[in-house]
Amino acid sequence: MAGNSLIYSNARVKALENTFLTNEKIVRMAYSDSLEDGVKVLLEASYGGGAISDVKDYDLLLQAEDKKVSEFVFDAAPKGQGMETFAVKSDYHNLKATVKGKYMRLDDVNFMLAPKGNIDVDQLKEWVYADEYSSLSEYMKNALLTVDSARADGNLSPRFIDLTIDKACYAEINSMLKKVKNSFMPAYWQTNIDMMNISAFVRASKAGDKDLFKECFIAGGKLDYSFFGGELNNVLDKLTYSPYPQIAEPLKAGNMVAFERIWDNTLINIFKNQRNDIFTVAPIAGFYVAKKIEIKIVRMICILLKNDVDKDVIKDRLRELYA
């Protein structure tokens with residue numbers, strides 16, 4: 001039964017792959033003369049399944065597309081194969097927003113929320129605001145107790161909230177992945193963690209603050225903390241012989257835009273070669289990851305068009321497509 005369900009879900013994914021924006025549409029958006037022309041491409045493609053009265057409200061289309069994709073993937077994916085980790089990431093994203101709303105006295109955090117996770121957002125808010133953590137995972141509960149302790153000591157900041165909750169998030173994901181038998185879900189998260197750590201190391205090194213990287217480092221990647229011992233140039237040289245040699249030269253050149261583009265492309269490629277394997281969750285996972293990156297690209301293009309940025313700058317930020 002589980003096998004039949006997986007085959008059925010993957011068949012649905014193959015049909016939904018037709019909803020990806022083609023390279024032609026992405027390029028057309030990127031070279032549009034105005035935000036209005038760029039958003040017109042989205043409307044023609046029925047992006048988000050709706051329409052907007054003002055092109056400045058383009059984010060409503062992106063939110064709707066994100067919600068649609070997340071709900072489908074989290075409902076369709078078989079349990080126990082690592083797909084739950086994507087929903088857990090959304091839960092922790094919503095937890096950060098909720099905690100900031102509580103302690104930073106923000107009236108509205110809805111614009112910060114992810115579309116769907118395992119935990120209902122209203123229920124999460126209720127538990128957090130009531131200091132009732134017993135229904136949450138041990139990782140979440142301990143993160144919240146750490147945040148509460150920092151607040152009591154007068155040391156709470158948005159950065160502390162982010163670091164504490166992010167570390168709990170990846171610790172919980174790593175724990176879940178120990179039970180996963182496929183190779184691509186652990187590879188996805190290991191790669192993402194490594195890229196986050198590399199980015200944090202570069203930024204901390206340029207700021208001359210090694211303690212900052214120590215605070216930011218997240219365990220669970222292929223590169224352990226000792227890999228980052230030494231000066232920036234030495235570590236960048238070591239990347240040439242790491243699992244990520246393709247990022248060494250862009251980082252040496254200080255090209256963070258190229259680094260982030262390669263980061264996304266590397267994540268997509270983990271699933272791309274297995275997108276037709278209907279007996280695994282690779283097609284579903286690949287569809288989800290590629291859609292999330294596509295939505296990020298579209299949002300970026302819209303922001304750059306809105307600010308009338310040079311077209312070559314937009315082109316440099318385009319990613320490899322899954323379609």
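Student: How many helices and how many strands are in the protein chain?
Tutor: This is a predicted model. Look for both kinds of element along the protein chain. The count gives zero strands and 15 helices.

Student: Which radius of gyration does the protein chain have, and what would a compact globule have?
Tutor: Start from the length, 323 residues. A compact globule of that length would come out near 20 Å. The protein chain agrees with this, so its radius of gyration is 20 Å.

Student: What box do the C-alpha atoms fill?
Tutor: Take the directions from the principal axes. Along them, the C-alpha atoms of the protein chain fill roughly 55 × 45 × 45 Å.

Student: What percentage of the residues in the protein chain is buried?
Tutor: A residue is buried when its relative accessible area is under 20%. Apply that to the 323 residues of the protein chain. The buried share is 48%.

Student: Where is Ser46 found, and is Ser46 buried or partly exposed?
Tutor: Ser46 has a positive phi of about 55°, although Ser46 is not a glycine. Ser46 sits in the loop between α3 (35-44) and α4 (58-76). Its relative accessible area is 47%, between the 20% and 50% cut-offs. Therefore Ser46 is partly exposed.

Student: Which loop holds Asp131, and what is its relative accessible area?
Tutor: Asp131 is another residue other than glycine with a positive phi, near 55°. Its loop runs between α6 (121-129) and α7 (138-152). Asp131 is partly exposed, with a relative accessible area of 45%.

Key. Residues are numbered from 1 along each chain as its sequence is written. This is a predicted model: local features need pLDDT of at least 70, side-chain atom pairs count only at pLDDT 80 or more; totals for chains, interfaces and linings use all residues. Side-chain values use heavy atoms; hydrogens and water are left out. Helices (H or I, at least four residues) and strands (E, at least two) are DSSP runs, numbered from the N terminus. Buried means under 20% relative accessible area, exposed over 50%, partly exposed in between (1.4 Å probe, protein chains only). The radius of gyration is taken over C-alpha atoms; the globule rule is 2.2 Å times the number of residues to the power 0.38.
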